[in-house]
Amino acid sequence: MNRRDLLISAGLAPLALQALSRWSVAEAQDGSRIFTLANPTGFPDLDPSTSFSNDGLVLANVYESLTRYVPGTTEAPASVAPLLAESWQATDGGKTWTFTLRKGVRFHDGTELTAEAVKGSIERTMKIGGGAAFIWSAVTAITAPDPLTVVFSLSTAQPLDLIASAGFAGWIISPAAQAQDNAWFNAGQDGGTGPFRIDSYEPGQRVIASRFADHWGGTPEGGFDTAVFEVVEDSVLAQSMIESGNADWTYSLPFDNLEAMKANPDLQVVANPSFENLFALLNTRRAPLDRPRVRQALALAFPYDDVITAGTAGLGTRSRGIVPPGIWGHDPEAPMVMTDLEAARALLAEEGLADSGLELTLTYVTSDALEALAGELWKANLETLGITLTLQPMAWEAMWDLSKADPAQAQDILLLYWWATYVTPYDYLFNLFHSEETPTFNLAYYSNPAFDRLIDEAAALSGTDRAKAEDMFKAAQRMMIEDAPAVFILDKPNVHILRSDVKGYADNPAYGHVVFVNDLSR
Amino acid sequence: MGLGRYIFRRFILSAFVVVGVTFLVFVAAQVVPSDPAALYAGPRPSAEQIEKARAELHLEASLPERFIRFGKAMATGDFGVSYKSRRLISQDLAAFLPATLELAAFSTFLALLIGIPAGAFAAARRGGWLDRMGGLASIAAVAMPAFFLAMLLQFVFAKWLGVLPLSGRMSREIAISAPLAPVTGFALIDALLSRRFDAFGDALAHLILPALTLAAYPAGIAMRLTRSAMIEILERRHILAARALGLSGRRILFGHALPNAVGPALTVLGLSFAFALTGAVLVEIIFAWPGLGRYVSEAILSKDFPVIAAATLVVTLCYVAMNLVLDLAQALIDPRVTLK
C-alpha cells in the first residue's frame, strides 16, 4: 500500500460506516407503543416457582398471583386487593382459607384458569422448594372442591391473603407449563395469565414481551403493545439510553446525577419510599453491648441526618422502628432517636464507660457505598466519645458466616438491609429479633421471651383480626426502640427515572423495582 | 520430527493441561471458605433448607468420592445447575459463550489485520513518518485503558457521528419485528444462514466498537513485535539475495520477510484471544454485551462454584484449542518450529 492508497482508505472508512448504519435497521414503525426498561441487572431465573431475584420485574408482568398488596398512603390504609382471586375468607381461626377465583381468566396457552391450576401451581412451587417457597411453609393441604374454589389448610394461623400477594413464589402457572422444568422457562417460554407474554429471551441482553390480547382485564386505552426488558449494567449507558429516548424507565443511577436529570424536561425523576431499610444490629451477647443503656448511647451517637444527606442525596427517610411506612403495622408515632452526643456521653458515663478506650468492630458489605459512608460518619462521632470503631468491610457470604458462628466471637455491630418477602410486619420482627437457637438473621442475637410471645400472638391474629394484630406489632416495635438491639437508620428511597411522556406510573414498594407496564401509556 | 508427530505431541500435552485444570478447580473449591449449601438454599434459607441442600449436593460424601463425581460430570459435559439461579449451566454457556467467542474472534481478526501489516510497513519504512506515527499509535493503543477507549469510541461513533450503535449485540427492533432464529448462537453466522442481510449488518455494526476496543491492546503489541522482528530479518542475507535477484519490495516484505517474523505476534494474538474470553468484563459491561465475562464475574462474586468450574473448563478448552491452532499455523508458516 502506498501513501495514496492509505489516504483513500482513510477517506472511505467513514462512508462505509455510514452505509453500515443505514443497513442496520432504523427505528421500528411505531416506537411509541413499545415500553423499554433499562434494568441494571440480568434476569437469572424465569421459572415462576423458583425466581427470587431481579427476574421479578419480568414475571410480575407475565404472571399473576391470587392477590395484590396495595401500600398504605396518607389517604388510605394498606390493603390486599383481588387479582386472580375475587374474594376470600378465613375460617377456623385463620387456619383455613377459601379463595374464590375470577371467572373467564385464560392462560397464555388458551386454557382456562381453574382451581386445579392454582393448586398445581402452589404445589409445584412447594415441591421444588427453591427461592421463596418458604412463604407457603404453613400450608398442609390444598383442595379444589369446585372449578372456582381453592381451599388452603394451614398448620398455624397465617395471613394467607397477604402471603398470596408476594412478589415471588405466588405466581399461578398453566397446567401445561407446570409439567415443564426450569430449563423450559429459562429458554424464554411462559405459562402465565398476565397482560404480557414472553416472546423471546436473550440471556444477559433482553426479554421481549408482547401484549396478551385475551387478558381478563382487557387492553387499557393507549396501553403499550410491547415491553422490552433490556439488561444494562453500566449506569453511564443506562443514563445515555434514557436521555436519548432509547429507554423509557431505569433506576440505580448515581444520586449525584439526579439533579441534572430533574432539570431535563424529557425526564421525570420519581422518588418513593421503599420497603427496604438499613439498620445496625448490635451484638447483645457481648459486653458492653449486652447493656441496653450502652446500646442506647450508640444510637444517640449515630449521625442520621448526615448519612441521609450525603448517602442518599436527601431522598432517604429516617426510620421509625423496624417496620417501614406503607406496610400495615408501621407506627408513624414511634419515637425517633436524634443524634445527641452529649446525651450519649452522659449515658456512657453512667455506665462507667466515659473515655474508657472502648474498641468495637463493625462489619458491612464491601461494595456498599451507603454502608461504608454510614460506618465512617458513625466512627467519627464515636471517636469524640473515646470509642474506637474499626470498620471491617467483607464479602456478604464471609460476613454472614462470621456472624452465624459463636456470638461471643462475632462482630460487635453489623450493618444490614431488610425487606419483606411478603408484606407483614412479622417478617421484619420475627427474622431480625425473635429468639433463635442458631443465628440466621437475628444477628443482634437478641432474645426476649415477652417480645417473642407478643409477635407470635400478633402473627396468629393477623389473618383474622388485623386491627388488633397491628396494635400488638406496634407495641413490639416500641419495645425494640426502647431496648435498642439495633440502631434504626433509614428507609431507602426507590428512585426511578422515566421519560416524561409516560403516564400512569405509580411505584408499589411491595414489589421492589417492579413496573406494571399494563398501567402505563404514552 | 515430522509435522504429524509434532501435532500429536502438542495434543497429548493439551490433554494433560485440561485434566490438570479440572483437578485444580476441584481443589480450589475445597479450599475457599464458603458454604455451597447455604448459597444453594437461596437468599434467606432456614436450617432445614440448608440441610436439604446439603443432601442434594452430596456434600456429606467423602472427598475422593466427590472428586470422581465431579470429574465424571465434567467429562460428560454435565455441568449441573448454578447454585445461585438454579439454571442449567449448559443452557447459560450456550447463550453466553457464542457471544464472547464471536467478539473475541472478531477482535483478534481485527488485531491481526491491523497489527501485523502495520508492523511490517513500519519496519519497511523504518524511521519514516509512517513508522513514527505507527509507533505513537501502538503506544497509545497499548497504554489506553480499555474502559476509557470504550467510552471514547462510544462518544465519537455512537453519540457524535451517530454511525454505529451505542451498545448491545443486536437492535431491539430486529428482536421485536423479525427475530433471528438461533442456530449456532453466532449472530453473524445465523444471519447469513437465514439470509437475513439486515440482521447481518446490524450484528456487524454492533460488533465493531467492542471489537475495536478489545483489539487495541493486542494490535499495538503485535505491531511492535512484528516491527522489531522484521527489522532484524530485513537485514539478513537472504533478503539481500532476494533484493539482488530483483524481486519486488512487496514480494520481499510479505513473501520472504514476514513469514519469518510473525511468530511472536501470532503467539500474542492467541493469548489475547484467550484473555478476551473471560477477561473482557469491563468491555462487556460498557457495551452491554451478553458475554461470558459478565456471567463468570457474577458467579465469582457469589462463589457460585459449579458455574466457575464449568466456565474455567470451557475457557481452558478454548485456550488449548487456540494454542493448538496457533502451533499448527506457525508450523505451516515456518516449518523450523517442528524441529525444536
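Guide: Let us begin with burial. A residue is buried if 20 or more other C-beta atoms lie within 10 Å of its own, and exposed if 12 or fewer do. Please keep in mind that this is a predicted model.

Visitor: Is Met241(A) buried or exposed?

Guide: Met241(A) has 22 other C-beta atoms within 10 Å, and therefore it is buried. This residue belongs to helix α7 of chain A, which comprises residues 235-244.

Visitor: Which residues is Met241(A) in contact with, leaving aside its neighbours within four places in sequence?

Guide: The contacts of Met241(A) are then Ala38(A), Val232(A), Asn246(A) and Ala247(A). For Ala38(A), the separation from Met241(A) is 203 residues in sequence, yet 7.9 Å in space from C-alpha to C-alpha.

Visitor: What may be said of chain A as a whole?

Guide: Chain A contains 16 helices and 17 strands. Its radius of gyration is 26 Å, close to the 24 Å that the globule rule gives for 522 residues, so chain A is as compact as a globular protein of that length. The C-alpha trace of chain A spans about 80 × 80 × 40 Å along its principal axes. Buried residues make up 49% of the 522 in chain A. Of the contacts in chain A between residues at least 6 apart in sequence, 70% join residues at least 24 apart.

Visitor: How does one read the packing of two helices?

Guide: Two packed helices are described by the angle between their axes and by the distance between those axes. In chain B, helix α5 (residues 89-124) packs with helix α10 (residues 197-234) at an angle of about 35°, the axes being 6 Å apart. The crossing of α5(B) and α10(B) is right-handed. Their contact has 24 nonpolar, 5 polar and 2 charged residues.

Visitor: Which annotation covers residues 97-326 of chain B?

Guide: An unreviewed UniProt entry gives "domain: ABC transmembrane type-1" for that stretch. Over residues 97-326, chain B is 80% helix and 0% strand, with the end C-alpha atoms 21 Å apart.

Visitor: How many residues of chain B are in contact with chain A?

Guide: There are 43 residues of chain B in contact with 40 residues of chain A. Several helices of chain B each supply at least two residues to the side that touches chain A, among them α5 and α10. Helix α8(B) gives the most, with 6 residues. By class, this side of chain B has 20 nonpolar, 10 polar and 13 charged residues.

Conventions: Residues numbered from 1 in each chain as written. Chains lettered and ligands numbered in written order. Predicted model: local features only at pLDDT ≥ 70, side-chain atom pairs only at ≥ 80, totals over all residues. Axes fitted to C-alpha atoms, helices over the stretch in contact; angles between N-to-C directions. Helix = DSSP H or I, 4+ residues; strand = E, 2+ residues; numbered from the N terminus. Left-handed = near helix turned anticlockwise from the far one by under 90°. Nonpolar A, V, L, I, M, F, W, Y, C, P; charged D, E, K, R; others polar. UniProt positions renumbered as here; feature names shortened; annotations may be inferred. Rg over C-alpha atoms; globule rule 2.2 N^0.38 Å. Contact = placed C-beta atoms within 7 Å.
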